Every structure is written in C-alpha cells, then in structure tokens.
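Subject: Structure handover

Hello,

Here is the structure for you to open. My notes on what turned up follow below it.

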Amino acid sequence: MRLLLAEDQVELADELVANLKRNGYAVDWLADGRDVDYQGMCEPYDLIVLDLGLPGKSGLEVLTGWREHGLTTPVLILTARSSWAERIEGLKAGADDYLTKPFHPEELLLRVQALLRRANGLANRSLLEAGGLALDESQQICLYKGKEVVLTAGEFRLLRYFMLHPGQILSKLQLTEHLYDGETERDSNVIEVHINRLRGKFGRQVIETRRGLGYRFTGVMS
C-alpha cells in the first residue's frame, strides 16, 4: 500500500516514515503544501496522512481542493491537540479521520489499517481475512490451515494488497504503482517472483493469472 505523508516537522516525519516502512507501507514524504496538492492529485495513493499546518499552502486548502476535484483517497489529518476548531474544519472539508499531536506511532498504524480496510469494504478486525487466509499485519505473518506462515517483506506487501482487493483483476502496473514509493525503481518482474513464492506457500490457486490483464486473488480452496 502506497501512502503520502504530508508533514513539515522533519523529526516527526522521519519517525513516521521509518515506522510505516517497517510495517510494509511504501511512503512518499513531502513538506510543502503546494507540492502535496499536486502530488496527491497525480499519484495513485491508497491513503494520505495530512498535517493541516503546512507551509506554502495549508492542509485545509489542499484537502478542500482535492475533494472539490473529486479525489476520493482516504485522508487522515494531523492536528495540534488544542486546535479543536481545526479538526472540525478538516472533517467538514472531507477528512476521513483525524489524529491529534502528540500521538503514539501505534495509534497511527491502527488508524491507517482501519481506513484502508474501510475504503475497500472490509471489516476492521485484529486480522485481515480474505479468501481463507488471515493476515497479521503487526507480525507480518499469515495463518494458513491453523499454522503460521512467515512472509518476506515483499511477499507481505503483495499479499496484503491482494487481500484488500479480493476478486479484483489487478494489472502489473497497478501492483507496482501501489507497492513502491516514488523513489524506488519499479521492476514488474519482481511482482512475478513474489507471486510465484506465494503460490509455493499457499497453492497455485491462491492467485489466478488472467493473461493480458493481470492477476486475481481467489484465496485458498477448501
């Protein structure tokens, strides 16, 4: 899952980027509201974490513009603890959730997980469940036939994306756009490698190939 982090406090941004990446998210970080405005409209993010107090162009202006132009990407706003009016304005402008500073990194992760599941019509539970598999996002392991299956970082990111989009045909381009940040060189062959490894762990039927179209997560046959 690819996220945009819009935060001008460098120390906080560094901490959040590192934490999100450890948890399998591809993260682009920007500090200026004008850059955030453009990037949010042009890149296919799964979720945006938006500080309202950005330089150049405020987060509230950016969010209002996005919604007016039809951008439906989930947005989690960050605000100062005392700025209750700012939180209300952010929600009115179209934010999906908010988090007040200071906050615990674990809370941010849980809110991100919840918003991503909600955006894809899935229940927010302790485990991500789809197609007969249960994914523990915090441990980056999958439960299969009552046993824990350890995943590599790449396998985890890909399987999570598939499980958040069960039954959908996903092209290689879509997968690479959502699994890598803007600075990482994208190699579609790596997607094939990870898919083959997942098939080796869960059976070939778990991911179906649709020639000329892409791949479809079907889950594990009973």
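Start with N23. N23 is buried, at a relative accessible area of 13%. Buried means under 20% relative accessible area, exposed means over 50%, and partly exposed is in between (1.4 Å probe, protein chains only). N23 sits in the loop between α1 (10–22) and β2. Helices (H or I, at least four residues) and strands (E, at least two) are DSSP runs, numbered from the N terminus.

Before you go further, note that this is a predicted model: local features need pLDDT of at least 70, side-chain atom pairs count only at pLDDT 80 or more, and totals for chains, interfaces and linings use all residues. Residues are numbered from 1 along each chain as its sequence is written, and side-chain values use heavy atoms, with hydrogens and water left out.

Around N23

Which residues does N23 touch, leaving aside neighbours within four places in sequence? They are L109, E137, Q140, F156 and R160. Contact means heavy atoms within 4.5 Å. There is also a pairing by distance.

The β7–β8 loop

Q140, one of the contacts of N23, lies in the loop between β7 (133–136) and β8 (141–144). Its phi is near 55°, a positive value in a residue other than glycine. Q140 counts as buried, at 16% relative accessibility.

S138 is found in the loop between β7 and β8. S138 is partly exposed, with a relative accessible area of 48%. The C-alpha atoms of S138 and L110 are separated by 9.5 Å. These two residues are 28 apart along the chain.

K145 has a positive phi of about 55° and is not a glycine. Look for K145 in the loop between β8 and β9 (147–150). Is K145 buried or exposed? It counts as exposed, at 69% relative accessibility.

The α6–α7 pair

Two packed helices are described by the angle between their axes and the distance between the axes. Helix α6 (residues 153–164) and helix α7 (residues 172–179) pack at about 115°, and their axes are 11 Å apart. Axes here are lines fitted to C-alpha atoms, for helices over the stretch in contact, and angles run from 0 to 180 degrees between N-to-C directions. The crossing of α6 and α7 is right-handed. A crossing is left-handed if the near helix is turned anticlockwise from the far one by less than a right angle, and right-handed if clockwise.

From α6, the contact uses R157, L158, Y161 and F162. From α7, it uses Q174, L175, H178 and L179. These residues divide into 5 nonpolar, 2 polar and 1 charged. Ala, Val, Leu, Ile, Met, Phe, Trp, Tyr, Cys and Pro count as nonpolar; Asp, Glu, Lys and Arg count as charged; the others, Gly among them, count as polar.

H165 lies in the loop between α6 and β10 (169–170). H165 is buried, at a relative accessible area of 7%. Leaving aside neighbours within four places in sequence, H165 is in contact with M1, N120 and L170. The C-alpha atoms of H165 and A130, 35 residues apart along the chain, are 9.0 Å from each other.

A cis peptide bond joins K101 and P102, with omega about -5°. P102 is in the loop between β5 (97–101) and α5 (105–119).

D32 lies in the loop between β2 (26–30) and α2 (33–42). D32 counts as buried, at 16% relative accessibility. Beyond neighbours within four places in sequence, D32 is in contact with P55 and G56.

The whole chain

The protein chain has 8 helices and 12 strands. Its radius of gyration is 18 Å, close to the 17 Å that the globule rule gives for 222 residues, so the chain is as compact as a globular protein of that length. That radius is taken over C-alpha atoms, and the rule is 2.2 Å times the number of residues to the power 0.38. Along the principal axes, the C-alpha atoms fill a box of roughly 50 × 35 × 30 Å.

Buried residues make up 49% of the 222 residues. Among contacts between residues at least 6 apart in sequence, 55% join residues at least 24 apart.

Best wishes
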